[in-house]
Amino acid sequence: MTHAHRDLLGPPPETLLPANPEADAALAAGTPAAEVAAAHPTVSAAWAALAEEALAGGRVIEAYAYGRTGYHRGLDALRRNGWKGFGPVPWSHEPNRGFLRCVTELAKASEAIGETAETQRLTELLRDCDPTLAP
């Protein structure tokens with residue numbers, strides 16, 4: 001007789017980052033992302049906006065640097081909120097989007113400079129965080 005093994009602990013819980021209403025309002029009002037990042041350096045959404053602007057302007061190294069900064073700030077925030085390096089970080093939760101955008105932009109910039117292993121690692125991270133982001 002065989003017994004199916006069950007994970008008695010279940011899957012890891014979703015990590016839901018807290019909002020930063022002041023930074024969110026500033027970005028929504030059109031305050032330049034550099035000003036928001038300077039005033040709120042821990043907010044990944046500001047770094048994501050900077051990375052997106054740089055990549056759209058063909059400034060790949062700037063995009064890489066901005067994406068990397070927001071990625072690390074996001075990892076710090078995730079860990080402070082219980083993330084253990086794996087498990088869901090859903091896009092559907094608005095405050096998670098800054099981090100996920102940074103990972104996306106960093107992956108694009110990594111690909112643009114030929115850093116294949118990093119691009120693959122970041123794509124896997126996106127899949128692990130939210131499978132709908134990197135099919």
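Predicted model: local features only at pLDDT ≥ 70, side-chain atom pairs only at ≥ 80, totals over all residues.
**Ground rules.** I number residues from 1 along each chain as its sequence is written, and my side-chain values use heavy atoms, with hydrogens and water left out.

**Entry 1, the chain.** I looked up the secondary structure and found six helices and zero strands, running α-α-α-α-α-α from the N terminus on; helices (H or I, at least four residues) and strands (E, at least two) are DSSP runs numbered from the N terminus. I noted that the C-alpha trace spans about 65 × 35 × 20 Å along its principal axes. Of the 135 residues, 38% are buried, where buried is under 20% relative accessible area, exposed is over 50% and partly exposed is in between, with a 1.4 Å probe and protein chains only. I also checked contacts, meaning heavy atoms within 4.5 Å: among those between residues at least 6 apart in sequence, 60% join residues at least 24 apart.

I found that the axes of α4 (residues 60-80) and α5 (residues 97-112) come within 8 Å and cross at roughly 145 degrees. The axes are lines fitted to C-alpha atoms, for helices over the stretch in contact, and the angles run from 0 to 180 degrees between N-to-C directions. The α4 side of the contact includes Val60, Tyr64, Gly67, Arg68 and Leu78, and the α5 side includes Phe99, Cys102, Leu106 and Ser110. The residues of this contact divide into twelve nonpolar, four polar and one charged, with Ala, Val, Leu, Ile, Met, Phe, Trp, Tyr, Cys and Pro counted as nonpolar, Asp, Glu, Lys and Arg as charged, and the others, Gly among them, as polar.

I placed Asn96 in the loop between α4 and α5, and I call Asn96 buried because its relative accessibility is 0%. Not counting residues up to four places away in sequence, Asn96 touches Thr15, Leu16, Leu17, Val89 and Pro90.

I looked up Thr119, which lies in α6 (residues 116-129) and counts as buried because its relative accessibility is 13%. Leaving aside neighbours within four places in sequence, Thr119 is in contact with Ala107, Ser110 and Glu111. Ser110 is also one of the α5 residues that meet α4.

I found Ala26 in α1 and recorded it as buried because its relative accessible area is 19%; Ala26 touches Thr31 and Val36, not counting residues up to four places away in sequence. Ala38 lies in α2 (residues 33-39) and counts as exposed because its relative accessibility is 63%.
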